[in-house]
Amino acid sequence: MSVLRSLESRLQGLVEGTFSRAFRSEVRPVEIARKLAKEMEEHKTQSVSRVYVPNEYTVYLGPQDRERFKGYEDAMVKELAGYLLEHARRERFALVSRPVVSFATDDRLALGEFGIQARLVQPGEVEEIPPSQGEQGHTMVYSTAERVRAPLEERRVTPRHAQAAVVVEGRRVVLGPGGATIGRSRDCEVVLADANVSRHHAEVRPLAASPHGWGVADLGSTNGVKINGRRIEGVQALSPGDRVVLGTSELRFELD
């Protein structure tokens, strides 16, 4: 089980009894985890011998979303901080202190929107780190709008064809019933060495609305996802034999 999937299970446990009802169009904890890792990767600072990443992260939520997290927010920030620490270790990033995650309310954010501000804050004098990195960072705003277009149950549905696979780089990777994340990061189920592929580029997942029970979603990648030569937005159904292009890598989707 990947670290992200393990985190998702723990976060789901924190909100047991409300998760499936409360997070239809609202922000999901695992979505925050993915974007925190993305912000860590996109705010790297190269020094003489190390690659430093931010150690403080503020997650901004709209009033309605913030209200949903009452009662388990403290436990959630600990889980998210632990996930960022593990992510930094796996990618061999340098941290000047243990990651800290906090939540704040921003009345300008609508339901399903959240912002992340990442900063590298120096606890003391660290000679190698450029001093400008301790300044206030830019806030990146994300939205769940694309995900909400498909029903929440699509992740949990059992596809009509239980065995799906992708063929890539001469190998055939059989997907589990919950699908697989594809990207350059080592915590993906399908890891690609293509420099044009984002660390968490796309996800092949069960999709109730698809004739064959499966679909692919772009996870906010830099270079996008194409199916049979056409770039997709959000979630797109898959058929056996479809060619899925990520960066300069091509995968073929198959069903047994």
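Reply: Happy to, starting with helix α3: 13 of its 14 residues are buried, so the rest of the structure largely encloses it. Buried means under 20% relative accessible area, exposed over 50% and partly exposed in between, with a 1.4 Å probe and protein chains only. Please keep in mind that this is a predicted model, where local features need pLDDT of at least 70, side-chain atom pairs count only at pLDDT 80 or more, and totals for chains, interfaces and linings use all residues. Residues are numbered from 1 along each chain as its sequence is written, and side-chain values use heavy atoms, with hydrogens and water left out.

Me: How many helices and strands are in the protein chain?
Reply: Helices (H or I, at least four residues) and strands (E, at least two) are DSSP runs, numbered from the N terminus. On that basis the protein chain has 6 helices and 17 strands.

Me: What distance separates the end C-alpha atoms of α3?
Reply: The expected span of a helix is 1.5 Å times one less than its number of residues. For the 14 residues of α3 that gives 20 Å, and the computed distance agrees at 20 Å.

Me: Which residues does leucine 36 contact, leaving aside its neighbours within four places in sequence?
Reply: Contact means heavy atoms within 4.5 Å. By that rule, and with those neighbours left aside, the partners of leucine 36 are Tyr57, Val59, Leu80, Leu84, Val101 and Ile116.

Me: Is aspartate 106 buried or exposed?
Reply: Aspartate 106 sits in the loop between β4 (100-105) and β5 (113-119). Leaving aside neighbours within four places in sequence, it touches Tyr60, Leu61, Gly62 and Pro63. Its relative accessibility is 14%, so aspartate 106 counts as buried.

Me: What kind of pair do the rings of phenylalanine 69 and tyrosine 72 form?
Reply: Rings of Phe, Tyr and Trp (its six-membered ring) pair if their centres lie within 6.5 Å; planes under 30 degrees apart count as stacked, over 60 as edge-to-face and the rest as tilted. The structure holds 2 aromatic pairs. In the pair of phenylalanine 69 and tyrosine 72, the centres are 6.2 Å apart and the planes stand at 75°, so the pair is edge-to-face.

Me: Which strands stand at the edges of the open sheet of 6 strands?
Reply: Two strands pair if DSSP finds at least two bridges between them. The order in this sheet is β8-β7-β17-β16-β13-β14, with antiparallel pairing. Two strands have a single partner each, so one side of each is left without a neighbour in the sheet: β8 (171-175) and β14 (230-231).

Me: What is the bridge partner of valine 244 in β17?
Reply: Strands β16 (residues 243-246) and β17 (residues 249-255) run antiparallel and are joined by 4 bridges. For valine 244, the partner in β17 is leucine 251.
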